[in-house]
Amino acid sequence: MAETEVEKKTEPEQAPSEEVKEPAPVLHVAPSPHLSNIALSTRWMMYDVLIGLAPVIIMSVVFFGWRAIVQIGLCVISCMVTEAVFTALRKKTVTIDDGAAGVTGVILALSLPWSAPWYVPVFGSVIGVGLGKVVFGGLGFNIFNPAMVGRAFVMLSFPMYCGAAAYIDTESAMQLVTQATPLAAAKAQAASSPALMALFFGSHNGSLGETSTLACLLGGIYLCARRSASWEIPAGMLGTVLVLGALVQMMGLSTLTVLHQLCSGAVFLGAFFIATDPVTSPITPIGKFIFGVGVGFFTIIIRIFSGYPEGVMFAVLLMNAAVPLINQWTIPRPLGGLQAQKA
């Protein structure tokens with residue numbers, strides 16, 4: 001008995017067994033959309049936009065020659081250099097290889113007249129990319145469309161080089177550039193409107209990318225088919241311009257017919273390539289349609305009741321400011337309704 005008690009005392013006491021807890025799984029939670037297809041990356045979307053813009057660029061070179069090449073080159077180079085410099089100043093990684101700066105440069109160039117001197121596209125690019133995008137945090141954080149920010153700046157700063165008179169060159173041998181733009185002629189109450197065929201194919205004066213409705217339509221259909229642009233925005237914008245253009249024509253407020261309103265200026269360029277910017281447009285389908293309707297509405301209002309012959313640029317910027325409110329209105333309610341927050 002004594003030995004047994006000694007053995008029991010000398011045996012080490014066993015520690016109480018502890019339950020081994022398995023590590024909890026790590027869940028990465030992020031808002032939608034959750035993209036599984038790498039072809040839908042930012043870079044490929046920008047490449048799609050450039051492909052869609054190819055017909056517009058080609059037609060601008062056909063009608064305006066080397067002037068179009070110079071304007072596009074100046075804008076693209078200036079936008080890329082500006083983004084690189086401003087991003088470096090913010091001590092962030094330079095991401096000009098995503099193609100966003102190049103797309104901004106092309107769209108800005110296509111919205112400018114062929115006659116603008118070299119410093120107009122340069123200043124427009126610096127303001128559009130530098131103050132319109134990078135200072136907000138870069139791609140995905142900007143509120144307003146960078147190309148339209150740059151276009152608005154040069155329009156207000158250099159009106160003699162970007163206004164209606166800038167498109168007319170009385171000393172040029174090219175018949176195309178010795179005529180007023182269709183919207184400028186309508187604003188001046190011209191007796192006759194240009195032929196619809198000229199508006200459709202692009203053989204009339206105007207900004208580089210707004211002359212050929214056919215080129216914008218072909219590129220826009222490509223973008224919508226590739227889902228790089230949401231069809232709800234151009235549908236809402238073009239439908240609104242069509243309806244309001246008909247009302248304006250019936251009320252005698254403009255010398256342009258409804259088809260002239262639709263094919264003149266930057267309506268098609270804005271509907272497919274400017275208003276569809278995914279960063280500065282709503283995120284829901286119904287919100288996108290409302291956004292397009294708003295752009296079309298303000299385009300006609302500015303054309304008819306303001307001193308500017310064209311209204312797409314200001315219409316897009318106005319609706320950009322309304323995007324947060326549109327998103328708040330149109331985001332669907334979750335299944336079962338909103339949960340009450342605990343006090």
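The model is predicted, with local features needing pLDDT of at least 70 and side-chain atom pairs counting only at pLDDT 80 or more, while totals for chains, interfaces and linings use all residues. Residues are numbered from 1 along each chain as its sequence is written, and side-chain values use heavy atoms, with hydrogens and water left out.

Me: What makes the pair of Arg43 and Asp97 a tie between separate parts of the chain?

Reply: Arg43 belongs to helix H2 (residues 42-64), whereas Asp97 lies in the loop between helix H3 (66-89) and helix H4 (100-110), so the parts tied together are 54 residues apart in sequence. Helices here are DSSP runs (H or I, at least four residues), numbered from the N terminus.

Me: Why are Arg226 and Asp48 placed in separate accessibility classes?

Reply: Buried means under 20% relative accessible area, exposed over 50%, and partly exposed in between (1.4 Å probe, protein chains only). Arg226, at 39%, is therefore partly exposed, and Asp48, at 4%, is therefore buried. The two residues form a salt bridge, with their closest N and O atoms 3.1 Å apart. This pair links helix H10 (residues 213-226), which holds Arg226, to H2, which holds Asp48, across 178 residues.

Me: How do you know whether Lys133 and Glu83 are buried or exposed?

Reply: Lys133 has a relative accessible area of 3% and is therefore buried. Glu83 also has a value of 3%, so Glu83 is buried. Their side chains meet in a salt bridge at 2.7 Å, N to O. Lys133 sits in the loop between helix H5 (119-131) and helix H6 (146-157), and Glu83 in H3, 50 residues apart.

Me: What makes H4 count as mostly covered?

Reply: In H4, 11 of its 11 residues are buried; among them are Ala100, Val103, Ile107 and Leu110. The elements covering these buried residues include H2, H3, H5, H6 and helix H13 (267-274), where contact means heavy atoms within 4.5 Å.

Notes
Helices (H or I, at least four residues) and strands (E, at least two) are DSSP runs, numbered from the N terminus. A salt bridge is a side-chain nitrogen of Lys or Arg within 4 Å of a carboxyl oxygen of Asp or Glu.
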